[in-house]
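Open the structure in your viewer and keep the selection panel at hand. The stops below say what to pick next and what is found there.

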Amino acid sequence: MSVSTRRLQKELTDIKRDGTPVGIELLSAEDFATWYLSVEVLGNTVYEGEKFALKFRFDNQYPISAPAVQFVVDDHYTAPVHPHVYSNGHICASILGSEWSPVLSVVSVCVTIQSMLASCKKKERPPDNDRYVSHAPENPKKTRWDFHDDK
Amino acid sequence: MASYNYVDAPNVNLTCCICRSPFVEPCTTRTCCHTFCYECIAQAIATNRQCPIDRTPLALHDLLPADPVIRNLVDELIVNCPQEDLGCSYTCQRLLLPIHLGESCQFVQVGCPNKRCNKQVLRKDVSEHQCPQDQLEDTDASASTKKQPRPGSNDNEKTDPPSVPSSTPTAESGNPPADLAAENAMLRLRLSALESVVHILRSEMFAVKHALGPWYRPDVQPELLPEDQSAVDEASSEAFERQLAEEIAMQPVGSVSDNPSSPSSRDPTDIASYFPPAEDADPIPPSRQTRQRNTPSISRIHLSQQPSPQGLGPVSPVGSSGQTSYANPSQTPVYPSTAFVIPGQPSGMPYPTPGTSLPATSPAAISIPPLDPSTPLPDTLASLHSSLVTLAGALGALAASRGAESLRTTEELRGLRGAMHGLRMQIHDILTSRTHPAGTSGTSGSSHGDSSDPPTFNLNGPGWFGYRPRPYGTPPMHAPHPSPFGMPPPTNIPKL
C-alpha cells in the first residue's frame, strides 16, 4: 500500500510543482484512491470547445497495476463521442490494459487520451456500444478488452 | 521499501521511473540498459515480463547490479534523519544513515541499558533511565550516584556521537568513532560490491561447469571424481533426468539396475541376442555424455569400459529395440531411436569375409574407444579426432573398394551380356540356316566373315524369332535395328 501511496504522493507533488500540460487540469486529488482530472482538446478538432472529466481509481499495486480510468458521466460532464469511448465513459485503450507500464503516470495517461481524441476524424460511438453498455461491469478493468487497430 | 527524506531534489537521472525516488539497490537490464530499483523491477517483472520503458522481453536473470558510479552517486545523496519530527536534525549521506540510527541518533528507541527491564527509551534519555526495580531499591543509597551521571549527561549535546553514561570522555572520542563509522560504511559498500561480483562469477562458473559436463576438473583427487561428478551433475542434469524419465517409464522397473549380470536376464527380450557379441566399439551420440554414478537411481546411457559399469542403459523405446540394441556380456548400450546405427557392430554380416577383395582395414576391424571422462578434455578431443580420422580412412577405403568392385562387376556383366548375345545370334543363325538353307545361308555366310558389321546379324529379325522352324516362312524383315539388349555384340566371337 505504501508503494502506491508514495508514488502518488510524488506525482501529486510534481503536478503541484510543475503544473499539468496544456488542456489538462487537476480537478480533485483528496486521497490516494480516486483522482479527477479534466481533459480538453485544443486546436481545430472535432471536439473543439468540449471539456471532459476523467476519473482515476488506484489500487494498492499502482504503478505495477494500471489504474481504472473512465470518463465521468453525470450532470456536468458527458463521455465524448469517439469510436473507442462507450457511452458509459469506459475507454478502450491498450495502455490501460495490456500495454500498461509502470513508467506511465496519471499525466501521461491524460495526454494519451487527449491525443486519442484529437486524432479522431469522425464522431461516432463504437459499433457495439449499446450491447456493451447494457451489461458492462462498473470497473472498466474488469472488461475483457479486445484491442484492435483500426487505422 | 525504504523511504528517505532527501535534502535536495535528486537529479532526475538518479530516480527510478517506477517509484519516482532515487534508486535503492539499482539494477540495470542487460538487454536494454535501463536502470531500476531492484524491488521495483522485480515487482514489475512478476506482473509483466517486459521492460517498463521499452517493452523488450525481460526476466529477473537479465538484471545486473548497476554501475558502481550510479550506486555511489545514489548512496551519497544527503538525507535527513527519519527521526526529524522527534527532534533530530542530523543529515548525512544516505549510506551512512543506518549507522547513525544504529549508533548515534539520540531520538531512537533503545532497550534498557542495564539490560534488566524491557522498557524502550530514547537514546538521549538512556542516562536518566531507571529500571523500575532499581528505582525502588536505590532511593537513598544511590542518591549520590544518581547525581553524578546527570551533570555529565547535561554537558553532552544531543547531537554528539554516543555518550553512554560510562566514562568515555566526549571530546576525544568525537573523531575516532566517526572515522571508524565512515570506514565501516566504506567497507560495507565494498563488501556488497564484492558480493555481487562473486555472484556473477559463481553463475559464470556454474555455466562453465555445466558446459564441461564430465570433464569438469575441480582440484581434487581423481578418485573422488565420480562422487563429485554425481554431485555436480545432479544439479546440472535435472533436465536430462526429466527427459529420460519418460523413457524409463516405458521400461519395467526391474530392468533399471546396475547389476552387471542383468543383461542375461534381458536377453530374451533383446533381439540383440541374435547378433554376434559386439566388440567394444561404442561411438558416442553427441547429445548424451557420460554420467558415471555409483548408485544411479535412474538409468543412464553408459559408454565406459569400467569393470563395474554403473547405470547400464536399458532405456530403449519400443520402436528402436530391434534396431540398436546389442547383447554384450559386460554392457548393453542401447540408444533411443534418434541415435544412429553403430557401424562397427553389424559389419560382420553384410560383408562376407572370405572370397571378397575387401581391403584389410575392414570396418569390422575398427575399434573405436569409448569416451573416457577420466582423461582431460584435450586428450579426449584428440582421441575423438583420431577416431574420426580412422573412420574417415576406413570409409575412404571402403568406398574405393566398392568402387573398384563395382567397376569390375560392370565390366564382367557387360562381357557376359555380349557373349550371351553372340551365342544367341549364332544359335539363331544355325537354326535359321537349317530351316532356310537357301535363303539365308548366303547372308549368314557373308555375315560371318564380316566382322565389322554387327547389324547384319539382325537381318533375320530379332533373335528370338528364329528359335523354332517356321512353317509359314520367316516373319517380315524389320529394318535393321540395334540388338535387343542395346549393346553391339562383341566382334570377335568365332563361329561355333
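## The interface

Start where the two chains meet: across the interface of chain B and chain A there are 5 residue pairs in polar contact, both residues at pLDDT 80 or more. A polar contact is a pair of N or O atoms within 3.5 Å; within protein, one must be able to donate a hydrogen and the other to accept it, and residues adjacent in sequence count only if both atoms are side-chain atoms. On the side of chain B that touches chain A, the residues divide into 9 nonpolar, 5 polar and 2 charged. Here Ala, Val, Leu, Ile, Met, Phe, Trp, Tyr, Cys and Pro count as nonpolar, Asp, Glu, Lys and Arg as charged, and the others, Gly among them, as polar.

This is a predicted model, in which local features need pLDDT of at least 70 and side-chain atom pairs count only at pLDDT 80 or more, while totals for chains, interfaces and linings use all residues. Residues are numbered from 1 along each chain as its sequence is written, chains are lettered from A and ligands numbered from 1 in the order in which they are written, and side-chain values use heavy atoms, with hydrogens and water left out.

Now select the contact residues (heavy atoms within 4.5 Å): 16 residues of chain B touch 15 residues of chain A. The two chains bury about 1300 Å² between them, 52% of it on carbon and sulfur atoms. Buried area is the accessible area (1.4 Å probe) that two parts lose on being put together, summed over both.

Next, pick B:R55 and A:E99, whose side chains meet in a salt bridge at 3.1 Å, N to O. The rule asks for a side-chain nitrogen of Lys or Arg within 4 Å of a carboxyl oxygen of Asp or Glu, and it finds 1 such bridge across this interface. Over all chains, the whole structure has 11.

## Chain A

Go to helix α1 (residues 2–18) of chain A, where A:E11 and A:R7 lie 4 residues apart, about one turn of the helix. Their side chains form a salt bridge at 2.9 Å, N to O. Helices (H or I, at least four residues) and strands (E, at least two) are DSSP runs, numbered from the N terminus.

Move on to β1 (residues 24–28) and β2 (residues 34–40) of chain A, which run antiparallel and are joined by 4 bridges. Two strands pair if DSSP finds at least two bridges between them. β1(A) and β2(A) form a hairpin with 5 residues between them, and A:I24 has A:V39 as its bridge partner.

Then select A:P63, in the loop between β3 (51–57) and β4 (68–71) of chain A. The peptide bond from A:Y62 to A:P63 is cis, with omega near 5 degrees.

## Chain B

B:C33 sits in the loop between β2 (26–29) and β3 (35–37) of chain B. Its phi is near 60 degrees, a positive value in a residue other than glycine. Most residues other than glycine have a negative phi, and most peptide bonds are trans.

Next, show the open sheet of 3 strands in chain B, with the order β1-β5-β6 and antiparallel pairing. Its edge strands, β1 (5–6) and β6 (91–93), each pair on one side only. Strand β5 (residues 78–80) is joined to β6(B) by 3 bridges, with B:I78 opposite B:Q93.
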